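Hi,

Here is the structure I promised to pass on.

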Amino acid sequence: TVAVVTPTETAVTPTVATPTETLAVVTPTETPTNTNTVENVAKQDGNVNYMVQIGAFTNGNVNASVLKQKFRISESVKSEFSGGFSKFMVGSHSQYKDARDQRETIRNNNGVRGAFVVAYNQSKRITVQEALMISNQKWYK
């Protein structure tokens with residue numbers, strides 16, 4: 001028996017080791033030369049990727065090939081280990097709407113009722129809400 005853990009789309013943001021970033025700080029006595037600095041940084045970081053998570057397991061016997069077979073998934077299943085869970089995702093979309101559509105297909109055609117959209121910015125997992133803001137996209141039900 002395989003138990004599927006299905007958190008909500010915005011529930012868990014696991015800790016992922018990332019390289020140290022250097023940010024410029026403007027003190028109140030300095031006059032900023034570019035008023036769009038924050039917006040420019042966000043757009044530069046905007047390498048957002050949306051995927052559909054199909055499961056998260058603490059059981060080490062569950063792997064991508066087991067899930068592909070159980071749920072009749074033909075595409076590649078990616079995995080990561082974070083927060084004590086092996087997490088499994090499919091798809092790779094720059095548009096949230098495309099990932100949402102794939103989520104619905106997986107729920108309806110493959111029987112993964114708890115599938116949900118996850119987001120990454122430059123390989124770091126972030127909330128879908130953050131990803132939508134960074135990529136200037138709309139949320140679709």
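Predicted model: local features only at pLDDT ≥ 70, side-chain atom pairs only at ≥ 80, totals over all residues.

Residues are numbered from 1 along each chain as its sequence is written, and side-chain values use heavy atoms, with hydrogens and water left out.

Strands first. Helices (H or I, at least four residues) and strands (E, at least two) are DSSP runs, numbered from the N terminus, and two strands count as paired if DSSP finds at least two bridges between them. Strand S3 (residues 85-93) pairs in the antiparallel sense with S1 (residues 48-57) over six bridges, and S2 (residues 77-82) also pairs with S3 in the antiparallel sense over six bridges. Phe 88 in S3 is the bridge partner of Gly 55, and Ser 79 stands opposite Phe 88 too. The hairpin of S2 and S3 has two residues between the strands, and Gly 83 there takes a positive phi near 60°.

Now the cores. By nonpolar core I mean a set of buried Ala, Val, Leu, Ile, Met, Phe, Trp, Tyr and Cys residues joined through side-chain atoms within 4.5 Å; buried is under 20% relative accessible area, exposed over 50%, and partly exposed in between (1.4 Å probe, protein chains only). The largest core has 13 residues, and Ile 54, Leu 67, Phe 88, Val 90 and Ile 106 touch the most other members. S1 and S3 are the elements that give it two or more residues, with S1 giving the most, three. Leaving aside neighbours within four places in sequence, Leu 67 is in contact (heavy atoms within 4.5 Å) with Ile 54, Phe 57, Val 62, Arg 72, Ile 73 and Phe 88. A second, separate core of ten residues includes Tyr 50, Tyr 96, Ala 99 and Ile 126.

Finally, helix H3 (residues 96-109). Its buried residues are Tyr 96, Ala 99, Arg 100, Gln 102, Arg 103 and Ile 106. Down the axis of H3 they fall within an arc of 160°, so they line one face of the helix; the arc is that of the directions from the helix axis to the C-beta atoms. These buried residues pack against S1, S3, strand S4 (116-121) and helix H4 (128-134). On the other side of H3, Asn 108 and Asn 109 are exposed. Gly 111 follows H3 and has a positive phi, near 75°.

Cheers
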